[in-house]
Amino acid sequence: MICFLETPEYDSQIFRIKNNKNSIDIGIMICYIYNRTTDCATLERIKMENTFVVNIIHRPELMPEYSATVTGQGKEEDIADKKILNESLDIFKFQQKTAHDNGLKVTIQMTYASLFNDEAIEIAKHDHDTYGDEISLSLLGLPCEQFRDKYKTKDFCIWMFSMEDKKKIVKDVFEKFYEKFGFYPESTGSYYMDADLTNYIKKEYPSVKCAIATCWEEGPKAYHTCNNSWYTLFDGGPWAPWIPSKQNTHAPAANEAEDSGIVAIPHLSRDLIACYDGNGSNFGTHPQNVLRGMIYDTKTWEFPYLFNLIDQFRHLAKYNNGYSYNMMFVGPGWLNKMGRWEAPYELLKKSYEEGMGYYGQLKKEGKLVDMTMAEFADFYRANKTYEEPECALWKDILYGSDKQLFWYTDPYMRACVNMEQGGAIVDLRPYAAKLEWPVGIGTKHVQDASYPFLIQEKYRAGYFTHYAGEGTLRSAKVCHNGEEVDLALCRSHASFSQEGKDRILTLDPVDIEFKDLTVKIETKIHFLEGSSSIRVERNILSMTDPDAEVIIKEYITACYGTTEYPEDMTGILLSVTDGEKTENIEYEYKCREAFVEGANCAKAVVNAIDTEVTLTTDVKEAKGFIREGYAFSPMFTLGFEKKISDKEVYSTWLNLAKAN
């Protein structure tokens, strides 16, 4: 049964948290409450009125990844060490009590090891009956005596096993869960779940409706900050819940036929600037992430950044039809009695208590609704359509800069727009290809589960490059009398709006100053729901000489890959056409280029990632061009040149599709 809190359409009260340099204003969140029967009831479609949803997830990981190396420092490894087992169970009890004391429901993700521990099982049963916690099943926490004896390996990442072993492990873990609880779980998860694994689980255990399926931007950046020893590479996925496709976990399903049958949530909610620029493991709504990043006052033990981060996620309701999401997923290793990251246990405990206390406070004030994972899956399907995008206009809340990024994801793409680079697209993942990418032993990608990019400024430089070559970018150059200025050099800010199904990013106008002319340009970027297209509109607001003309060169410079290292570009086919005349270049690193006057389409077919990318225009006066790179700068460029006058508006479309 569902009931609603009768409240004004939007309360004018403002909630504010401050640190030294930043504050975020958040309108009060209006949410709904519902009663839940023992079995998770199907939710009817409801109207989201500024609903902030939180998943609190604990796992009784009795052999935590991080704990044995600290508590057992200097000792021979003992996977059955009673001291570690007992401490881990005590931490799990503390976490559960802290959540319940704050009136919050928990999803308890039982690990394989915990299924052999009677006390952990009894706690889960008690808290399910008493507090409405969901008993779930994690595919983390595999290592234990029983697992090692059977599989003869120290591997613990489910997606890295061979498909044959994945199936065996899933059967072992799920059947052990059923033996202990008498039912199969409704949710599961890991750091990452590849599509083949998800499809198998859904087929064999159809009760599963929700899964933790990826870590946002847990790729080379995190790998490098772990001394090149953390082989969890899965950049390129969504940062917020989504319905994964059967073909690729990272790529959202576009329709029922592509639907894998589960709702996926990310492993932690991360800072969408700090995580993108650096190691995401330091910037999440997991309190101990913030301590690991040393983002706290060492004298007062205060950490306002954590609360600002939670509030910024609340703020995303503004861009997503009134809905926003956050999760906290915590294993016991982080609360080790020996302390972590130069932080004593007392600070770890304080951070957890205050973090959970803040969620509890928001719930009491009617600004948050806590759900279990299975409840959330029902809520998500009742309130989201396949093609509805997820949007985030994100501001810097850590360093005090004016930096803004806009993130957009839907079944056809993931894109990032950087206002520090004049609204240039600096990250682009072609989900339209629904690239099948098997992962694990026996495949071409034992560890690398990332969804490939066409544009990625961290791995392919963006605008700011070395003395030669180009980086990947979608931007424009403005030219006049031999002078040329790239809009990527013009810092700006943006506002968000929605018109029908169009999400529109409007940048503050910028002035381009030439020796004898100043041009004021406004950029609008339209993300067209359900179309796999991005329309970029340049509006000439004014010129100091109204009779002057400038040339605008719209372009995308791209490549493909998942890391910093270049891939073989041989075989990429570039073409530019006006519908009758077509120029082609088959990529051979020869630095060639071709032009067609009056062109309407410039295209690249990247067969290595099953992707077709085009740049199109609807005016006849533009000159289309294609450009092949060379070995030192292995990129390709598609673009249009057009003369543009005062008060004129010029649009181009970036389109993605599956090749062939």
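1. Let's start with a lysine: lysine 93 is partly exposed, with a relative accessible area of 32%. Here buried means under 20% relative accessible area, exposed means over 50%, and partly exposed lies in between (1.4 Å probe, protein chains only). A word on the numbers: this is a predicted model, in which local features need pLDDT of at least 70 and side-chain atom pairs count only at pLDDT 80 or more, while totals for chains, interfaces and linings use all residues. Residues are numbered from 1 along each chain as its sequence is written, and side-chain values use heavy atoms, with hydrogens and water left out.

2. What does lysine 93 form a salt bridge with? The partner is glutamate 119, and the closest N and O atoms of the pair are 2.5 Å apart. This pair links distant parts of the chain, since glutamate 119 sits in helix α3 (residues 118-131) and lysine 93 in helix α2 (residues 82-101), 26 residues apart. Glutamate 119 counts as partly exposed too, because its relative accessibility is 38%. For reference, a salt bridge is a side-chain nitrogen of Lys or Arg within 4 Å of a carboxyl oxygen of Asp or Glu. Helices (H or I, at least four residues) and strands (E, at least two) are DSSP runs, numbered from the N terminus.

3. Your next stop could be arginine 270 and glutamate 218, whose side chains meet in a salt bridge at 3.6 Å, N to O. Arginine 270 lies in the loop between β10 (263-266) and α8 (274-277), and glutamate 218 in the loop between β9 (210-214) and α7 (220-224), 52 residues apart. Are these two residues buried or exposed? Both arginine 270 and glutamate 218 are buried.

4. Glutamate 554 and arginine 474 also pair up, with 2.9 Å from N to O in their salt bridge. Here strand β25 (residues 549-558) holds glutamate 554 and strand β18 (residues 473-480) holds arginine 474, 80 residues apart. Glutamate 554 counts as buried because its relative accessibility is 0%, and arginine 474 is buried with a relative accessible area of 2%. Elsewhere, salt bridges that share partners join Glu217, Lys221, Arg414, Asp427 and Arg429 into one network.

5. How many salt bridges does a search of the whole structure find? The search finds 44.

6. Finally, the cysteines. With a disulfide taken as a pair of cysteine sulfur atoms within 2.5 Å, the count comes to zero. Cysteine 210 counts as buried, at 0% relative accessibility, whereas cysteine 591 counts as partly exposed, at 47%.
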